[in-house]
Amino acid sequence: MIHLSKTTDIKELSIDQLTLWLQNRGFRPFHAGQIFKWVYLHQADAFEIMTDLAKELRLLLSARFTINRLDKKQIATSKDGTQKYLFKLADGKHVESVIIPERDHYTLCISSQVGCAQGCRFCLTGRYGLTRDLTKGEIVSQVRDITKEMNDSARLTNIVLMGMGEPLANYQNVVRALETITDSDFGLKFSNRRVTLSTAGLVSKLPDLSRDTRVNLAVSLNATENKTRDMLMPINRRFPVEELMAACRRYRLHAGRRITFEYILIQGVNDSVEDAERLGQLIRPIKSKINLIPLNEYKSCEFRRPSNSVIERFREILHQNDYTVIIRQSKGQDISAACGQLSAHPTPHRIKPDIA
Ligand code: SAH
Ligand code: SF4
């Protein structure tokens, strides 16, 4: 049972929790659906406008709940059209979300934590450590608020949890937020097939995830041997490559789905012919596809991105072995909006002037 204070954001509640709250006060359960339709479908900012509810109920709701918006501090726009939102949370902490324009739709990349505790050596978010988990309402709000802001929000079809944080380290809030994001009756109506959660490999949570959600899974593999993965990703010392791959083999995939393996290419570290061949062998038994991500460099980054010919050679080896391989050309690099570049610090240039 969650503790309700006067200032509880109603988005923190699930439909079941709101139903119970209503019933405890003698109201009919179906009002919960009506209220959430106002909040998520009609983007209501106040209970007073929910005209299909009795006045008495509207007053009671206004007395106990709020419908919060995140405080938009900045929208930075890249020359490739990528937009990075910097939000200030109620306690003054900051997070970022990124809209990535694709050929015929937009993908929204959202954050699950303020910072990240995993400390991957190539990732700027990891550099700052973990400040705190995001609440369910804060995760959902990134999607709701940005949808409201966009002119053509119908083209926003895909969501990826690839922003700041390790989603599986904030398991309950992330799963509850996903419920609302994908709820086709009383939520934000995103298709499970178009939502992807990316993890650095928190193996102990993977069985729960396949039971609790129907979204896609992406695993940041990044190296095929423990020595290299230990060096790049401290989480590998807890859950080494063999355990991670065993958990992926056991992962209960929903019909027609595949696991995406993300693999950052880093010059001289994990980009050899042997690495490509080992990667192919490692994932062979798993229904999967591979996203190669040439390292995004940032100031003070100790690693380098390989040359295009090395990237192409890596792709070709996997391709010849019949894997579906995509080279993810990270967008938004000029505004530090690309993978691993999110630090929730204002971007000093290309600021859209019409946002306070
Ligand atoms: N914590 C989760 C999700 C957020 S990171 C995870 O690690 O999967 C999202 C993606 O960005 C991961 O695939 C990660 O490997 C990648 N990434 C991090 N730093 C990067 C960098 N400097 N260049 C390219 N990709 C990076
Ligand atoms: Fe955290 Fe993912 Fe960055 Fe690693 S790559 S530090 S898990 S956000």
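**View 1. Two domains in one chain.** The centres of domain 1 and domain 2, taken over C-alpha atoms, are 34 Å apart. Everything shown here comes from a predicted model. The domain assignment places domain 1 at residues 8-66 and domain 2 at residues 80-335.

**View 2. Where domain 1 touches domain 2.** Here we zoom in on the contacts between the domains. On one side, 16 residues of domain 1 take part, and they are in contact with 16 residues of domain 2.

**View 3. The surroundings of ligand 2.** Look for Cys-116, Cys-120 and Cys-123, which are among the residues around ligand 2. Gln-118, Gly-119, Phe-122, Gly-126, Gly-165 and Ala-200 also belong to these surroundings. Sorted by class, the shell holds five nonpolar and four polar residues, with no charged ones. As for the space that ligand 2 takes up, that is the largest cavity.

**View 4. The largest pocket.** This pocket holds about 1000 Å³ of space. Its lining is made up of 37 residues, and the ones nearest the centre are Glu-102, Thr-107, Val-160, Asn-291 and Arg-328. Strands that give two or more residues to the lining include E5 (94-101), E6 (106-109), E10 (195-199) and E13 (288-294).

View 5. Which strand gives the largest share of the lining of the largest pocket? That's E9, with three residues. Strand E9 covers residues 156-161.

Key
Residues numbered from 1 in each chain as written. Chains lettered and ligands numbered in written order. Predicted model: local features only at pLDDT ≥ 70, side-chain atom pairs only at ≥ 80, totals over all residues. Heavy atoms only, no water. Near = heavy atom within 4 Å. 1 Å grid on protein atoms, 1.4 Å probe; cavity = no way out; pocket = protein on both sides within 12 Å on 5 of 7 lines; lining within 4 Å. Sits in = over half its atoms within 2 Å of the grid points. Nonpolar A, V, L, I, M, F, W, Y, C, P; charged D, E, K, R; others polar. Points joined across faces, edges and corners; volume = space filled by probe spheres on them. Helix = DSSP H or I, 4+ residues; strand = E, 2+ residues; numbered from the N terminus. Domains from an automatic or database assignment. Contact = heavy atoms within 4.5 Å.
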